[in-house]
Amino acid sequence: MRNIILLGVIAAFLALAIRRPFIGLLAWAWFTLMTPHQLAYGVFGLPLNLIIAAVTIGAFVLSSEFTRFRFDMMTVLIIIFAGWLSISQAASLDADESYIYFDRFIKTLLFVVLCIQMTTSKLRIHTLVWVLVAGIGFFAAKGALFTLATLGEFRVQGLPDTIIEDNNHFALAAATILPLILYLRKEARYQWLRISLLALFMLTVLAVLGTHSRGGFVALLAFCGVFWFRSRYKFALAAALFALLVPAIAFMPAKWTERMATITEAAQDQSFMGRVDAWVINAKLAAKHPLTGAGLRNSYIEDVAATVDIERSKTARAAHSIYFEILGGAGIAGLAIFISMFAYSLFSCSRIIARRKDPATPPWQPELARGLQTSLIVFAVGGAAVSMEMWDGYLMIMGLTAALARMTTARQTKKGLSLEKVRLGYLRRLKANPGEIT
């Protein structure tokens, strides 16, 4: 029955996507974030995501929307980054191993470019935000209920066979959507929806704690810090955060508290020092191959790691850092492009937020920009300790930021053209009637 329902929903999405490619993009985002076919065992393994992507791309190319394709700065940066990853793959020290990750990353970047180009209205932006929040929030709510049922004794894990399966990855993904949950709650018209989103927010916080992830806890603290710093009601917000976090932390078992306490004892923690070894290997690979790196995640391979550090190569492992993963895989140049994408997104949000006092700027745009920027900051902080450089969620947030920036720029341009028309009309009337005073 699950198989029939899922295939029916997909067929409906694809039929609608032929005329409206954005519907296909929503289906693509849904499958990317939630992989619902894993819950329908009969179709598990079928390339449904590939079919959805192919139909969406084909429909977009054949639609009138394709004629409005625009090379904004974020689109250009993504294309440059994809091109650099291609060069890195061509020079990979183990092309067969790195191709798996290269292929995955390129497909994700293509999805983000389509997000930027096809998200052209408030409705479309909000729909994608809802898909992101619902996609991760569903598993966060399940994780929180699991934490309550087990009294926090067991770790919450993400969806199996996905990038957020690891408890650390899932914790960061959940922490990243917290600002967006609050944004949707603020925009919600109905009381029941605002209450539901507040409940989802609290469950998501509990799910992050339930993962027993130290990196997730740091990301949660980063969210609290940024949110408190930006608030006009700092005392009231501090009291609210205190009222939420203290009972939640007190609910967790003693082993959770002991694990979080090791954050201040990183130098004595074997797990952390293993990550340091991986960071050193990636840094040395980048030093030896500064332009192209060694190929995506080739630092995991002992033979590749041994080319720069024989001793540390014996325990070659994941870098547990989006920055060192890119550094070792795509070189210094690749990391510079990657960081530029982050920097431009944060800068774009700041520009939109600065327009909040402009009467011509709809209030929802600066508010959304604030939420998107906070989400990116949370991910940037937490990403220093996890290998999530290929996660679609934060890249989707970058795409939404670029789409919002395009929308505000278009509005400002339209406003400027309108004022110019008024000015020119006034000059023509003044020339025709020199004595006229208006």
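In this predicted model, helix α7 passes helix α9 in a right-handed crossing. Helix α7 covers residues 167–187 and helix α9 covers residues 214–230. Their axes lie 7 Å apart, at an angle of about 20°. Angles under 35 degrees count as roughly parallel, and α7 and α9 are therefore roughly parallel to each other.

Which residues make the contact? From α7 come Asn 168, Ala 171, Leu 172, Ala 175, Leu 178, Pro 179 and Leu 182. From α9 come Arg 214, Gly 216, Ala 219, Leu 220, Phe 223 and Phe 227. Sorted by class, the contact of α7 with α9 holds 10 nonpolar, 2 polar and 1 charged residues.

Now turn to a second pair. Helix α8 (residues 191–210) packs against helix α10 (residues 234–251) at an angle of about 40°, and the axes are 10 Å apart. That angle makes α8 oblique to α10. The crossing of α8 past α10 is right-handed. On α8, the contact uses Phe 201, Met 202, Val 205, Leu 206 and Leu 209. On α10, it uses Leu 244, Leu 245, Ala 248, Ile 249 and Phe 251. The class count for α8 with α10 is 10 nonpolar, no polar and no charged.

Helix α6 spans residues 122–150, 29 residues in total. At 1.5 Å a residue, α6 should span 42 Å; its end C-alpha atoms are 41 Å apart, which agrees. Helix α6 also bends by about 30° at Gly 137. Leu 151 follows α6, with a positive phi near 60°.

How values were computed. Residues are numbered from 1 along each chain as its sequence is written. This is a predicted model: local features need pLDDT of at least 70, side-chain atom pairs count only at pLDDT 80 or more; totals for chains, interfaces and linings use all residues. Side-chain values use heavy atoms; hydrogens and water are left out. Axes are lines fitted to C-alpha atoms, for helices over the stretch in contact, and angles run from 0 to 180 degrees between N-to-C directions. Helices (H or I, at least four residues) and strands (E, at least two) are DSSP runs, numbered from the N terminus. Angles under 35 degrees count as roughly parallel, over 145 as roughly antiparallel, 65 to 115 as roughly perpendicular and the rest as oblique. A crossing is left-handed if the near helix is turned anticlockwise from the far one by less than a right angle, and right-handed if clockwise. Contact means heavy atoms within 4.5 Å. Ala, Val, Leu, Ile, Met, Phe, Trp, Tyr, Cys and Pro count as nonpolar, Asp, Glu, Lys and Arg as charged, and the others, Gly among them, as polar. The expected span of a helix is 1.5 Å times one less than its number of residues. The bend at a residue is the angle between axes fitted to the seven residues ending there and the seven starting there.
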